[in-house]
Amino acid sequence: MIRKTLFYSPLLIIILLGILFYYSLNSETKSNSPLIGKQIPEFSIERLLNDNDQFSSKDLISSETINFINVWASWCIPCRAEHNVLELLSKIDNVDLYGINHKDTKKNATNFINTLGNPFREIGFDSDGRTSIEWGVFGVPETFIVHRGKIIYKHIGPIHISELEDTIIPIIKDLN
Amino acid sequence: MKSSQYIFHILIAYSLLLSSVYALNVDQEERANNLFKETRCLVCEGQNIYESNSDSAEDMKKLISEMIIDGNSDNEIKSFLVSRYGDWIIMTPPINQSTYFLWFSPIIILLIGIIFILRKFKKNG
Amino acid sequence: MARRVSELLSYLGIVSLCICLLVSLAQIKIFYLKSNVNYINYFNLSLIQFVSCLLSFLILIYIFITSDFNFSLVYQNSHTEKPMIYKLSGSWGNHEGSLLMWILILTIFNFMFALMSKVNIRLTETTVGVQSFLILGFLLFLLFTSNPFSLLSESPNEGLGLNPILQDPFLAIHPPILYLGYVGFSLIFSLAIAGLLLNNIDKNWASIAKKWTLSAWVLLTAGIGLGSYWAYNELGWGGYWFWDPVENASLMPWLAGTALIHCVSILEKRNTLQSWTVLLSILTFALSLIGTFLVRSGILNSVHAFASDPSRGLFILAFLLIVLIASLFIFARKGPFLDKEIKYHLLSRETGILVNNWLFLTVLFIVFLGTVYPIFTDIVLNENITVGPKYYIFSITPIIFLFIFAMIITPFLNWSTNNYKILIQKIYKPTLLSVMLIFSISLYFDKLSITEISLLILSSILIMANLNSNILFKNNSFYLTSNIGRALTHAGFALLIISIIANASYAKEKITQAKVDDKIIVGNYDFIFSSISQEKEKNYHKIIANFEMQQHSGTLKKLSPEIRFYNNPPTITSETSIARMLFRDIYIVMNVPENQEFINVRIHIKPFMNFIWVSILMMMIGGLFSISYRIKNS
């Protein structure tokens, strides 16, 4: 009897594998960054648009509003597509949008902002990409939601308008 | 005309790929190379940064080299990377609750085989 | 006018595929008709299947050679400036074309089998039926998700080109050979299912199966070897095996297939292990299918990534599950009644093979687990991990020990008796010699660890025991015995292990920057960067750096790595320059940064590379010897 049952085990294994493969086909790339729920990483970089002082983690920790940190670059085409959504996002109450300009030249980055508009409250200029590594950034664009110095959520890739409505705005409501 | 222009553009892009000179001594260089081989490239398909020439891999190599020069141990560098990118970034999985099966089940498989084969003798006396 | 021709060709290609589809439907009549035996019938049908597929494949090749950009597939994967060989290989260097090639090879094997197996007609007919079911599934996949003959509404003047990294002569022939191997195992699968359905798994079944298994095994070995050779030459990292998911996907059926060859031998000689043999036959093909799924669905990240598409993934998964669930269900029902128990002796050859079989399976399990585990943690535990080379090396090394040990002993044991006198007689000399040899070598080279030394000793014993004159020669004259194939393959495997260890332990590498006239020192060699130049070729232009490799101030070789700038599609590739010497390869790759006076160079000294290729060749030649021996004696 046991022997006969044993002959069904390959069948069982293949069915389990099939289920696993089926789910993996339909799974989307999730952003399970280890930074979520943690204090934001310490950083301090130049500002893109004025040379006076540095844009640093202190600016975010001391803030009472909900902070969005968007990592972008002028050479990144999806960032252009995302820009409209960022404009909308920046107009929401109690939300401040910050930018980290990733591996860019000042000239190109400034041009980008001058042409498309500036939804950012501050932009840090991260020419060597070091700050992006501190934030665990894979590529541009990526967006973090930070509240009281803690990272709440991370979005990889451009934010689509539907994602703004379905995912981002509920998080904002929650935090308020 | 057009293609030569294109080549010019990619050459510029390619210039970003150069690895800068790291002032590492021989021991440090060996450590760096070993760490490069253990660090997964962020943007490539399944390569480590040692094998990759991508911009992002070069940045990471630079960061690791600088951390070595600053006196960080290999473990400190690895745990920094893990704290930012998760276990994913290290080419060899850690041994913890979620990887016990990965690391230890081959032994179980081997044992099952031994039991099976031994039973063949028993049955036949 | 040209447009009309294209439309006609497209039509013809699809129609011949449809003919093949209909004939395949007729072939699987064994599932719904109790047929009376009729040899002509299924033989002719399998011929039609083959010819119609061949026709459609020839059309595919024709449209690629003539660069007919009315076809979407040609437009996306070819370019007029491409050399002819890559226009040709471009036809199977993409998803649709390679799938058509898969089907063609399925029909080739189907036809060959129908042609050559005339002894047991009922078994042959059923096998052809199962094989036709596979052909049918793949045809549906091709026609519904990946039609290679779809036309563009407007004809573009120029194509988008083929990824330059794929423009390599070895990669041009690598897929066909690899598919021949994969698909060869599909035939064993069909044969096993047919045997199960007819309750006909015995010595005769084994002697039919062994030939085909060996053939598929030789082809798969060649395919994996070529893939590795390509990666070594083209990817520019100095490595030849990366434990990459795609490579693992080809290694897994190889491991199962090798275990199968040995297991079939036991069945043939001792008429036992029926259900295990059938299970291994199913498993080998299952792993080919799972490999195809993993590679083409894009759920794994890989350097060799194929253009992927989730809907294709879903189709392959569905097909894979239908085939495997059905066959494993039949196995579960019929398997328990197949086995004939025999008396096992501890020191008999069948025990040795059985032990090795299980070691193969354990290695296979490790490779499979390493490949699939990241998917598991991602989906089930919501954690991302990477399983890299260290995991495989760490887990597999201890098994290799047991493995070689069993390989040394088993051939000197007798079938079905406890006789170990010959064993001691045959291996005590090789053992003494090897221990002395490796110890003296390891005194000279100090870098070896104890693990490496013991593996080297075992491998060396294995080689010597296999080349022992008693196996190869009888009555002082060289003649073809069934042993020579095994001796070559096993010695080849031992040589492979030795080469891998030597390669890993004594490799040297240097990554640095160089200006013209600089001298770079790596190991015992000096490399003088003598000049840099530019040249224009047909479909790319290149920058060449010229190096002189010197030892004791005498120039040994000239090396010239290149950077190539392809226009279509615009891509930059680094071409390695490799000086192949008997005991080591010197390997140079470079990068050229803009506006700099230096180049980035990577120099590798890789010992024993030639021996790695030679050992793979030995294993293949050994396999060929075994096949020819079987054909001669059947």
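1. Between chain B and chain A of this predicted model, four residue pairs are in polar contact, both residues being at pLDDT 80 or more. A polar contact is a pair of N or O atoms within 3.5 Å; within protein, one must be able to donate a hydrogen and the other to accept it, and residues adjacent in sequence count only if both atoms are side-chain atoms. On chain B, α3 (55-69) and α4 (74-85) each supply at least two residues of the side that touches chain A. The most comes from α3(B), with six residues. Helices (H or I, at least four residues) and strands (E, at least two) are DSSP runs, numbered from the N terminus.

2. By class, the side of chain B that touches chain A has nine nonpolar, two polar and five charged residues. Here Ala, Val, Leu, Ile, Met, Phe, Trp, Tyr, Cys and Pro count as nonpolar, Asp, Glu, Lys and Arg as charged, and the others, Gly among them, as polar. In terms of contact (heavy atoms within 4.5 Å), 16 residues of chain B meet 14 residues of chain A.

3. The area buried between chain B and chain A is about 1300 Å², with 57% given by carbon and sulfur atoms. Buried area is the accessible area (1.4 Å probe) that two parts lose on being put together, summed over both. D59(B), R84(B) and Y85(B) supply 46% of the area that chain B buries against chain A, more than any other three residues.

4. Three salt bridges are counted between chain B and chain A, a salt bridge being a side-chain nitrogen of Lys or Arg within 4 Å of a carboxyl oxygen of Asp or Glu. R84(B) forms one with E134(A), and the closest N and O atoms are 2.8 Å apart.

5. Over all chains, the whole structure holds 23 salt bridges. Within chain A, R148(A) pairs with E64(A) in a salt bridge at 3.9 Å, N to O. R148(A) lies in the loop between β6 (142-147) and β7 (150-156) of chain A and E64(A) in the loop between α3 (57-61) and β3 of chain A, so the pair ties together parts that are 84 residues apart in sequence.

6. The peptide bond from V140(A) to P141(A) is cis, with omega near -5°; P141(A) is placed in the loop between α6 (130-134) and β6 of chain A. In chain C, S67(C) has a positive phi of about 45° although it is not a glycine, and this residue is found in the loop between α2 (39-65) and α3 (72-77) of chain C.

7. Chain C is divided into domain 1 (1-162) and domain 2 (508-610), with bounds from an automatic or database domain assignment. The C-alpha centres of these two domains of chain C lie 43 Å apart.

8. On confidence, the predictor gives the complex an ipTM of 0.87 and a pTM of 0.90. The mean pLDDT (the predictor's confidence in each residue, from 0 to 100) is 86 for chain A, where 96% of the residues score at least 70. Chain C averages 85, with 92% of the residues at 70 or above. Chain B averages 79, and 78% of its residues score at least 70.

9. Among the elements of chain B, helix α1 (residues 2-15) has the lowest mean pLDDT (41) and α4(B) the highest (93). Over residues 1-21 of chain B the pLDDT is below 50, and this stretch has 33 contacts in the model beyond near neighbours in sequence.

10. Conventions: residues are numbered from 1 along each chain as its sequence is written, and chains are lettered from A and ligands numbered from 1 in the order in which they are written. Local features need pLDDT of at least 70, side-chain atom pairs count only at pLDDT 80 or more, and totals for chains, interfaces and linings use all residues, while side-chain values use heavy atoms, with hydrogens and water left out.
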